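Hi there,

Here is the structure I promised to pass on to you. Have a look at it first, and then read my notes below.

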Amino acid sequence: MDSRIPGFYKEDIDARREIVAERADLSDDAVAALDGRGLDPVRADTISENVIGTLEYPLSVATNFRIDGEDRLVPMAVEETSVVAAASYGARMARERGGFTTQVTGPRMIAQIQAVDIADPFAAKQRVLEAEDDLIDLANEQDPVLVDHGGGCEEVTARVLDTDRGPMVVTHLVVNVQDAMGGNAVNTMAEALAPEIESLTGGDVELRILSNLADRRIARARCTIPPESLAEDDGELDGATVRDRMVDAGAFARSDTYRAATHNKGIMNGIDAVTTATFNDWRAIEAGAHAYAARDGYAPLSNYEVDADGDLVCSIELPIQIGTVGGATQLQPVAGAAMEILDVDSADEFAGVLAAVGLAQNLAGLRALVSEGIQHGHMSLHAKNIAIQAGAPGHLVDEIAERMVAEDAIREDRATELVDELSE
Ligand code: MEV
């Protein structure tokens with residue numbers, strides 16, 4: 001499968017859908033889902049509470065991705081203009097040197113058990129550690145299916161925390177959750193171990209819940225971009241200048257939390273869009289990403305360097321909590337179609353793809369920021385939205401948008417004038 005589809009953006013929605021169906025070899029069900037009404041309200045009522053309707057997002061496909069030698073079309077659902085175009089552009093730049101290379105540590109989630117009111121917290125911690133084998137056995141009794149599939153609790157650690165409510169002993173279970181996101185599995189284990197932790201510590205167990213700082217479940221991606229690919233189209237900035245400015249942008253983010261927050265937001269634009277398209281828990285990934293970014297003082301999740309050949313080397317590292325089994329994906333037919341498009345075989349593969357998408361998003365954003373700025377790219381779709389808001393009929397939307405962009409007057413009052421003028 002070739003993910004490079006020149007002119008894809010110029011096709012109409014039906015034609016794009018046909019191209020994707022053919023390239024991704026989509027099932028009839030997936031094609032029908034893309035053309036259908038999405039989430040059935042009756043189904044929606046089983047997913048959340050007090051449901052009164054469903055909410056649609058645009059579902060797009062980012063092109064040009066090559067990840068670990070394999071071409072991939074990437075489904076993205078996002079309400080923000082330019083995100084999908086930027087991801088595709090970033091992937092295209094990376095493609096020239098073979099695309100993205102990923103590395104994933106394995107699907108290990110952490111559950112925490114908080115014990116309070118302990119007379120001898122340091123000795124209690126040691127008693128917990130001495131009981132590691134029994135605690136692991138007890139945890140694994142909760143999920144024999146996971147154990148049969150090669151997963152299960154692998155490690156128990158414990159710490160004494162000095163809190164403003166006194167010392168607490170916090171036990172961590174490190175659980176290999178295989179291809180699941182794993183939240184349910186680890187929460188069940190943590191709850192089941194509570195009585196044992198109480199008897200070992202002599203205290204009271206309060207919280208028993210996973211940690212979204214999933215630092216035993218790290219995904220990394222890297223790519224290399226030749227400076228020629230970074231040059232501005234109008235020739236104003238050469239590739240080496242754009243490259244160096246991108247390295248400067250990375251340094252800025254490393255030295256400044258205000259900038260690091262926006263830098264990381266750009267990364268999450270891509271990761272959240274894929275996570276939303278596949279109906280997964282993007283809040284878990286968001287929480288993990290920012291907590292990981294903050295582990296030694298808030299920092300960017302990606303880095304930009306220049307290698308010995310003068311190429312730009314881009315890399316990213318963050319926790320990714322995502323699964324291919326369980327979860328809500330199967331409840332939402334369009335998300336099922338998105339998973340078929342993505343075509344990942346395991347949670348680790350999925351995590352690697354998300355890291356690559358986050359990096360593509362980030363590097364394309366930085367390239368735009370250090371050269372023409374991002375407003376330029378936003379303007380034509382923004383102008384179309386303004387034209388529609390001003391009541392432009394379908395056949396006039398493009399013309400009104402183009403006129404407003406050319407006049408540098410993308411405002412609703414100007415759109416209304418143009419609607420009146422061109423409708424006469
Ligand atoms: C916009 O949603 C994201 C950016 O602001 C990210 C960045 O500044 O790096 C373009």
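Which element gives the most to the shell around the ligand? It is helix H10, with six residues. Helices here are DSSP runs of H or I with at least four residues, numbered from the N terminus.

Before going on, please note that this is a predicted model, where local features need pLDDT of at least 70, side-chain atom pairs count only at pLDDT 80 or more, and totals for chains, interfaces and linings use all residues. Residues are numbered from 1 along each chain as its sequence is written, and side-chain values use heavy atoms, with hydrogens and water left out.

Now the ligand. The residues around it (a heavy atom within 4 Å) include Arg259, Thr262, His263, Gly266, Leu366, Leu369 and Ile374. Glu80, Lys265 and Asn269 are also among them, and each makes a polar contact (a pair of N or O atoms within 3.5 Å). A polar side-chain atom of Glu80 is 2.6 Å from a ligand oxygen; for Lys265 the distance from a side-chain N or O atom to a ligand oxygen is 2.8 Å, and for Asn269 it is 2.9 Å from a polar side-chain atom. On its own the ligand has 300 Å² of accessible area (Shrake-Rupley method, 1.4 Å probe), and the protein covers 84% of that.

Elsewhere, helix H2 (residues 28–35) packs with helix H12 (residues 333–342) at about 125°, their axes 8 Å apart. Axes are lines fitted to C-alpha atoms over the stretch in contact, and angles run from 0 to 180 degrees between N-to-C directions.

Happy exploring!

Conventions
A polar contact is a pair of N or O atoms within 3.5 Å; within protein, one must be able to donate a hydrogen and the other to accept it, and residues adjacent in sequence count only if both atoms are side-chain atoms. Helices (H or I, at least four residues) and strands (E, at least two) are DSSP runs, numbered from the N terminus.
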